[in-house]
Amino acid sequence: IGSKVTEDNLENGKLEMDELTIVVNKMVDTIEDIYNISFGSNRQNLIEGLILHLRPAINRIKFNLNIKNPIYDQIINNYRDLYETTKLACMPLEQYIGKPIRSQEISYIALHFGAALKNIQKEAPSHKIVLVCATGLGTSKMLVSQIKNKYDIEITQITSIRGINQIKHDE
């Protein structure tokens with residue numbers, strides 16, 4: 001009932017997997033549309049992870065088996081937007097199963113999306129900047145680590161105020 005497939009029901013399992021793959025792709029599309037992002041090369045890993053999670057989850061939902069996420073309150077308190085977005089993304093899954101999905105289960109699904117969103121942030125910084133510092137390059141080096149920890153950016157160059165005219169605009 002969890003995620004095992006026997007030889008006798010392999011054909012039915014394949015059909016269900018194909019349908020589930022379509023549903024999961026719709027879910028991922030919804031998240032990409034809402035956040036205006038693309039999971040790119042991580043998309044397939046996200047889909048596979050969701051399918052592995054959802055196969056037993058569908059049985060829990062169908063048979064009204066409750067699951068408790070020990071970090072549910074943290075997800076709701078710290079990642080409410082992600083949780084609500086995941087709830088929207090789960091609508092095709094609810095239609096597929098024919099039953100509503102409980103909040104605890106949605107919170108587990110949100111973890112998959114949250115991890116994938118974090119991977120995108122690590123993969124491609126949203127902005128490239130040149131760090132210009134009037135106090136010297138030593139201070140600039142310290143600022144680099146602080147800025148990188150706080151913002152999703154790539155620092156392409158570090159220069160003093162005197163060296164700014166030597167930087168090409170297109171870089």
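Modeller: Arg-60 and Glu-105 are both buried. This is a predicted model. The two side chains form a salt bridge, with the closest N and O atoms 2.8 Å apart.

Arg-43 and Glu-32 are both buried.

A further salt bridge is found between the side chains of Glu-84 and Arg-80, at 3.5 Å from N to O. Both residues sit in helix α4, four residues apart, which is about one turn of the helix. Glu-84 has a relative accessible area of 34% and is therefore partly exposed. Arg-80 is also partly exposed, because its relative accessibility is 43%. Salt bridges with shared partners join Asp-29, Glu-32 and Arg-43 into one network.

Next come the nonpolar residues. The largest nonpolar core has 32 residues, and those with the most contacts inside it are Met-27, Phe-39, Leu-54, Leu-93 and Phe-113. Helices α1 (10-35), α2 (43-62), α3, α4, α5 (91-97) and α6 (103-123) each supply at least two residues of this core. Helix α2 gives the most, with eight residues. Leaving out residues up to four places away in sequence, Leu-93 touches Leu-20, Val-23, Met-27, Leu-54, Ile-58, Ile-101 and Ile-109. Another core lies apart from the largest one; it has five residues, including Leu-131, Ile-147, Ile-153 and Ile-155.

The ring centres of Tyr-72 and Tyr-83 are 6.3 Å apart and the planes stand at 90 degrees, so the pair is edge-to-face. Tyr-72 lies in helix α3 (residues 72-78) and Tyr-83 in helix α4, so the pair ties together parts that are eleven residues apart in sequence. Tyr-72 counts as buried because its relative accessible area is 18%. Tyr-83 is buried as well, at 4% relative accessibility.

Leu-88 is also placed in helix α4, which covers residues 80-89. Its relative accessible area is 47%, so Leu-88 is partly exposed. Together with Ile-34 and Met-91, Leu-88 forms a nonpolar patch on the surface, with about 280 Å² of accessible area for the three together.

The loops on either side of helix α2 remain. Most residues other than glycine have a negative phi. Asn-36 has a positive phi of about 55 degrees although it is not a glycine. Asn-36 lies in the loop between α1 and α2. With 68% relative accessibility, Asn-36 counts as exposed. Asn-64 likewise has a positive phi, near 55 degrees, and is not a glycine. The place of Asn-64 is the loop between α2 and α3. Asn-64 is partly exposed, with a relative accessible area of 46%.

Key: Residues are numbered from 1 along each chain as its sequence is written. This is a predicted model: local features need pLDDT of at least 70, side-chain atom pairs count only at pLDDT 80 or more; totals for chains, interfaces and linings use all residues. Side-chain values use heavy atoms; hydrogens and water are left out. Patches are made of residues with over 30% relative accessible area and no salt bridge: like charges are joined within 9 Å, nonpolar side chains (Val, Leu, Ile, Met, Phe, Trp, Tyr) within 5 Å. Accessible areas come from the Shrake-Rupley method with a 1.4 Å probe; for residues, only the protein chains shown count as cover. A salt bridge is a side-chain nitrogen of Lys or Arg within 4 Å of a carboxyl oxygen of Asp or Glu. Buried means under 20% relative accessible area, exposed over 50%, partly exposed in between (1.4 Å probe, protein chains only). Rings of Phe, Tyr and Trp (its six-membered ring) pair if their centres lie within 6.5 Å; planes under 30 degrees apart count as stacked, over 60 as edge-to-face and the rest as tilted. A nonpolar core is a set of buried Ala, Val, Leu, Ile, Met, Phe, Trp, Tyr and Cys residues joined through side-chain atoms within 4.5 Å. Contact means heavy atoms within 4.5 Å.
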